[in-house]
Amino acid sequence: MDSVPVLALDPIIDDPGTRIIVCCGAGGVGKTTTAAALGVRAAERGRRVVVLTIDPARRLAQSMGIDSLDNVPRKVEGIKGSDGGELHAMMLDMKRTFDEIVEAHADAERARAILENPFYQSLSAGFAGTQEYMAMEKLGQLRAKDEWDLIVVDTPPSRSALDFLDAPKRLGSFLDGKFIKLLMAPAKMGGRAGMKFLNVGMSMMTGTLGKLLGGQFLKDVQTFVAAMDTMFGGFRTRADATYRLLQAPGTAFLVVATPERDALREAAYFVERLAAERMPLAGLILNRVHGSGAARLSAERARAAAENLDEDRIVDQGAGKTGLRGPGALGAASPELGPEPSESPVDGDTDPEVRPTVEQLTAGLLRLHAERMQVIAREQRTRDRFTALHPEVAVAEVAALPGDVHDLAGLRAIGDRLTTGRSA
């Protein structure tokens with residue numbers, strides 16, 4: 001790792017030209033905590049920050065001392081900001097964001113028809129890709145307000161981290177698809193021309209779809225498409241604008257991963273995709289990296305030492321349990337040797353005076369160290385494979401914490417570890 005460039009995060013968050021930071025990566029790698037920690041650090045260094053999370057677990061709200069987050073940014077108290085630094089946080093409400101778009105881009109009567117349409121209600125609540133698309137929409141809205149000088153985005157916990165970038169194109173393909181155009185055709189033709197269009201072939205097609213999807217469902221879809229027709233172009237236009245915003249120099253992508261094979265493989269895919277889309281990658285944050293203050297002691301030597309201690313202890317116990325407890329017996333109490341060491345508790349042993357010996361504790365500690373060194377070696381091999389493929393990507397390592405982050409102090413600690421570049 002010494003040859004890999006170090007990711008310096010403080011210059012990124014201090015740069016007034018940095019307006020958007022996107023934390024992306026596979027699910028469960030710590031994107032939400034990373035985004036929150038960066039938001040806290042940036043705010044306390046003088047930036048006006050809003051953190052947008054799409055995490056349903058609501059860990060962000062809890063760690064910031066807020067009862068709950070919703071679609072409206074809320075100020076976080078307890079930030080020790082300088083020069084007017086503030087932190088706001090919000091959680092994407094997918095359906096509410098979709099409703100706001102409809103209300104903003106349709107007249108009252110058409111908006112009501114759309115919002116009450118059963119197909120729209122299903123689409124806005126859980127259509128594949130809707131959450132990712134709405135995250136892009138909300139990002140565009142926040143940037144357009146120009147109320148904050150830094151927006152930190154925690155991308156959705158998708159099956160694939162690439163879903164965040166693919167969502168606008170997928171929704172655009174859906175809106176431009178043959179199925180939608182076919183459903184729109186009768187409404188576009190209208191009057192006699194529409195009746196003429198509904199020939200025998202069209203009737204057969206809609207009859208078949210009605211049997212497959214249900215007649216009422218098909219009618220709901222057609223009504224939705226007719227009402228939304230004038231808005232489809234707006235969806236595509238805003239998606240394209242947000243996509244260009246992500247490509248702009250004021251955006252910095254941070255790929256977050258843990259030193260595990262699957263997470264780093266996903267990170268490698270994302271790095272390659274960002275390069276292909278000409279999006280500005282700042283670097284990789286390697287989260288929950290394990291280390292040891294006794295790294296010079298190898299796993300093999302630690303395990304061998306533990307076995308030697310076990311063998312000596314077995315001999316000592318053997319002498320004591322045979323009843324050979326004379327002054328010269330091994331393990332006997334004597335002025336020269338001190339009190340006899342107690343034995344380790346075994347199944348069924350209820351003697352409260354029984355305590356593990358120093359040798360037993362030491363052997364257990366050596367075994368724990370051997371396991372830790374194996375974990376470190378496995379993580380290093382995984383990192384080496386990534387850096388061999390992408391030696392140009394700057395990396396910041398974050399040492400694993402002994403517990404969960406649940407308050408601002410914990411987020412500050414993560415921020416400190418993020419900005420040191422390498423874990424101890």
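These legends accompany close-up views of a predicted model.

**Figure 1. Eight strands build an open sheet.**
The strand order is E3-E4-E2-E5-E1-E6-E7-E8. The pairing in this sheet is mixed. Strands of a sheet pair through backbone hydrogen bonds, either parallel or antiparallel. Strand E3 (74-75) stands at one edge and strand E8 (395-399) at the other, each with a single partner strand. One side of E3 and one side of E8 are therefore left without a neighbour in the sheet.

**Figure 2**
Lys 75 has His 88 in E4 as its bridge partner.

**Figure 3. Helix H16 packs on the sheet.**
H16 spans residues 408-419. The helix touches strand E7 (281-289) and strand E8. The direction of H16 makes about 140 degrees with that of E8. E8 is an edge strand, with a single partner strand in the sheet.

**Figure 4. Arg 41 sits in helix H2.**
H2 runs over residues 31-44. Is Arg 41 buried or exposed? The relative accessibility of Arg 41 is 17%, so this residue counts as buried, the limit being under 20%. Beyond residues up to four places away in sequence, Arg 41 touches Asp 10, Ile 13, Gly 415, Asp 416 and Thr 419.

**Figure 5. Asp 99 forms salt bridges with Lys 95 and with Arg 96.**
Asp 99 and Lys 95 both lie in helix H4 (residues 94-105). They are four residues apart, about one turn of the helix. Their closest N and O atoms are 3.2 Å apart. Arg 96 also lies in H4, three residues from Asp 99, again about one turn. For Asp 99 and Arg 96, the closest N and O atoms are 3.9 Å apart. Asp 99 is buried, at a relative accessible area of 10%. Lys 95 is partly exposed, at 30%. Arg 96 is likewise partly exposed, at 32%.

**Figure 6. Glu 103 bridges to Arg 96.**
The closest N and O atoms of this salt bridge are 3.1 Å apart. Glu 103 counts as partly exposed, with 38% relative accessibility. Which residues do salt bridges with shared partners join into one network? They are Lys 95, Arg 96, Asp 99, Glu 100, Glu 103 and Lys 138. The structure as a whole holds 20 salt bridges.

**Figure 7. Helix H4 packs against helix H5.**
H5 covers residues 108-115. The angle between H4 and H5 is about 155 degrees, and their axes are 8 Å apart. Angles over 145 degrees count as roughly antiparallel, so H4 and H5 are roughly antiparallel to each other. Their crossing is right-handed. On the H4 side, the meeting residues are Asp 99, Val 102 and Glu 103. On the H5 side, they are Ala 111, Ile 114 and Leu 115.

**Figure 8. Helix H13 packs against helix H15.**
H15 spans residues 358-389. The axes of H13 and H15 are 10 Å apart, at an angle of about 15 degrees. Angles under 35 degrees count as roughly parallel, so H13 and H15 are roughly parallel to each other. H13 passes H15 in a right-handed crossing. H13 contributes Arg 261, Leu 264, Ala 267, Ala 268 and Val 271. These residues meet Thr 382, Arg 383 and Phe 386 in H15.

**Figure 9. Ala 263 lies in helix H13.**
H13 runs over residues 261-276. Ala 263 is buried, with a relative accessible area of 9%. Which residues does Ala 263 contact, leaving aside its neighbours within four places in sequence? Val 29, Ala 257 and Thr 258 are in contact with Ala 263. Ala 263 and Val 29 are 234 residues apart along the chain. Their C-alpha atoms are separated by 7.4 Å.

Technical notes
Residues are numbered from 1 along each chain as its sequence is written. This is a predicted model: local features need pLDDT of at least 70, side-chain atom pairs count only at pLDDT 80 or more; totals for chains, interfaces and linings use all residues. Side-chain values use heavy atoms; hydrogens and water are left out. Buried means under 20% relative accessible area, exposed over 50%, partly exposed in between (1.4 Å probe, protein chains only). Contact means heavy atoms within 4.5 Å. A salt bridge is a side-chain nitrogen of Lys or Arg within 4 Å of a carboxyl oxygen of Asp or Glu. Two strands pair if DSSP finds at least two bridges between them. Axes are lines fitted to C-alpha atoms, for helices over the stretch in contact, and angles run from 0 to 180 degrees between N-to-C directions. Angles under 35 degrees count as roughly parallel, over 145 as roughly antiparallel, 65 to 115 as roughly perpendicular and the rest as oblique. A crossing is left-handed if the near helix is turned anticlockwise from the far one by less than a right angle, and right-handed if clockwise.
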